[in-house]
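Welcome! Take a moment to turn the model around on your screen before reading on. The notes below will walk you through it, topic by topic.

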Amino acid sequence: MTNEASGAPTPHAPPPTGTVAVYRGATLFDGTGRAPRPSTSIVVDGATIRAVGDDTEIAASLPADTRVHDLDGRFVMPGLIDSHQHIATPPDRPAAEAVLDRLVHSGVTAIRDMADDLRQVGDLARATLVGEIPGPDIRYAALMAGPGFFDDPRTHQVSQGEIPGAVPWMQAITPDTDLRVAVALARGTHAAAIKVYADLDHATVAAITAEAHRQGIPVWAHAAVFPATPRQVVEAGVDSVSHVTLLAFEGAEGPLTTYKDKPRVDHQRFAAEDDPHLDELFALMCRRGTVLDATAGMWESDELTGEGPEDAERARANAQLAAHITAQAYRAGVDLSTGTDYETPPGDPFPALFEELAFLVRRCGIPPEEVLRSATLIGARSAGAEDLMGSVEAGKLANFAVLDENPLLDIDHLRSVTLTVKRGHRFERGAYKETR
């Protein structure tokens, strides 16, 4: 397929409306909370699911020439969503395209990019959407933080040629900032959300959130913004909070001042998974519907375990802290999404998201069916796209993955993925493996 206006190839484009295909014989985990259903058919029309139902009933209603893909009882689930990615810090187009390629061929059909060089990310999002390159849909954020944050070298990497803090996708917020203009500038990048990062007080986080919501855009925040505490961030009305270990600063002995000057955390305080400060915070999050983008498994990544014993011990302690707090959040009923904030090395056949899901099952004690719900429907909610994706239902995008083995029995069975359907386009795992 080509783009008729430009003649550019779009080999991964969604099929046009009117192109009907049926995936029959699925054992379907649809992401809605229903138990898996055997002998189920999914009718796809172009990029959208037209119907889901019993094989026999669906077959009786289809034209004889409909293209049918027989799944022979294979496990089908909604496309996975990684709710915390960074694909352009620093910008590296070939590396980003390789990550996106691996993600979509591993069953991942959408990601949240949590602040990057949006000049790069915007084009990558367009390219995956129209099918110029293989990859998941990209829902990305424009960042806001206090001026003190912008000596971080990462802000220079993503603002090359411009002044960090003075570009629409990376804004320094001061008492003199006109938030109506700041939010409008962020929206002008085509961002799906504003990310509130660091060095902002409670009143400012609340004001940003109120203005963003007035202009119809959600707010994704760090779980502690310094000096704004986790409770103050949630009270400000943000839609999701990231990094479960930052919740340890709720009820901290010392005051929160700046992102760079965090008080010491007593890890033992959380070992029993019954901290009263967190119980109150989690109850508030449940009442408000705040999603927790835990990124719990990142501390076991090669990047954070480091090269020496000091780095390894710090990572081990933080992984344990993440496991304790995430388990307490889950038991309290907080909606968890599955973000990573890192990627596995280029030679690894599967993405970091599989490691995050395994961490949630094995270290946090969350049942696999709940982890898959976090990685699908709640992930869609965290991205502000629950109306489009996150479950296999009529009217939603045709985003789903086909596996040879059932991940409800063993979460590592995610690695048995054989096919990803994203916006109705087929990404065969076997074809991806042949190019590696």
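**A first look**

Of the 436 residues in the protein, buried ones make up 55%. Please keep in mind that this is a predicted model.

**Overall shape and surface**

- What radius of gyration does the protein have? The value is 22 Å, which agrees with the figure near 22 Å for a compact globule of 436 residues.
- If you draw a box along the principal axes, the C-alpha atoms of the protein fill roughly 70 × 50 × 45 Å.
- The protein exposes about 17,500 Å², and carbon and sulfur atoms supply 50% of that area.
- Among contacts with a separation of 6 or more, 70% are between residues 24 or more positions apart.

- Helix 2 covers residues 93-104, which makes 12 residues.
- From the first C-alpha of helix 2 to its last is 17 Å, close to the 16 Å expected at 1.5 Å a residue.
- Which residues of helix 2 are buried? They are Ala96, Val99, Leu100, Asp101, Arg102, Leu103 and Val104.
- Helix 11 is mostly covered, with nine of its 11 residues buried.
- The buried residues of helix 11 include Leu353, Phe354, Leu357 and Phe359, and the charged-type residue Glu356 is also on the list of buried ones.
- What do the buried residues of helix 11 pack against? Their partners are strand 6, strand 7 (108-113), helix 10 (309-332) and helix 12 (368-374).

- The peptide bond from Thr89 to Pro90 is cis, and its omega is near -10°.
- You can find Pro90 in the loop that runs between strand 6 (80-85) and helix 2.
- Another cis peptide bond joins Phe226 and Pro227, with omega about 10°.
- Pro227 sits in the loop between strand 12 (219-222) and helix 7 (230-235), and Phe226 has its place in the loop between strand 12 and helix 7 too.
- Phe226 is not a glycine, yet its phi is positive, at about 60°.
- Is Phe226 buried or exposed? Its relative accessibility is 0%, so Phe226 counts as buried, since the cut-off for buried is under 20%.
- Asp341 also has a positive phi, about 70°, although it is not a glycine.
- The loop that holds Asp341 lies between strand 15 (336-337) and helix 11 (352-362).
- With a relative accessibility of 23%, Asp341 counts as partly exposed, because that class lies between the 20% and 50% cut-offs.

- Pro147 belongs to the loop between strand 8 (137-145) and helix 4 (153-157), and its relative accessible area of 48% makes it partly exposed.
- Leaving aside neighbours within four places in sequence, Pro147 is in contact with Ala172, Ile173 and Thr174.
- How many residues apart in sequence are Pro147 and Thr19? They are 128 residues apart, and their C-alpha atoms are 51 Å apart in space.
- Ser242 lies in strand 13, which spans residues 240-242, and at 0% relative accessibility Ser242 counts as buried.
- Which residues does Ser242 touch, not counting those up to four places away in sequence? The contacts are His84, Arg112, Met114, Ala221, His222, Ala223 and Asp293.
- Ala127 is part of helix 3 (residues 118-130), and it is buried, with a relative accessible area of 0%.
- Not counting residues up to four places away in sequence, Ala127 touches Arg93, Glu132 and Ile133.
- Ala127 and Leu372 are 245 residues apart along the chain, and 27 Å separates their C-alpha atoms.

Technical notes: Residues are numbered from 1 along each chain as its sequence is written. This is a predicted model: local features need pLDDT of at least 70, side-chain atom pairs count only at pLDDT 80 or more; totals for chains, interfaces and linings use all residues. Side-chain values use heavy atoms; hydrogens and water are left out. The radius of gyration is taken over C-alpha atoms; the globule rule is 2.2 Å times the number of residues to the power 0.38. Buried means under 20% relative accessible area, exposed over 50%, partly exposed in between (1.4 Å probe, protein chains only). Contact means heavy atoms within 4.5 Å. Accessible areas come from the Shrake-Rupley method with a 1.4 Å probe; for residues, only the protein chains shown count as cover. Helices (H or I, at least four residues) and strands (E, at least two) are DSSP runs, numbered from the N terminus. The expected span of a helix is 1.5 Å times one less than its number of residues.
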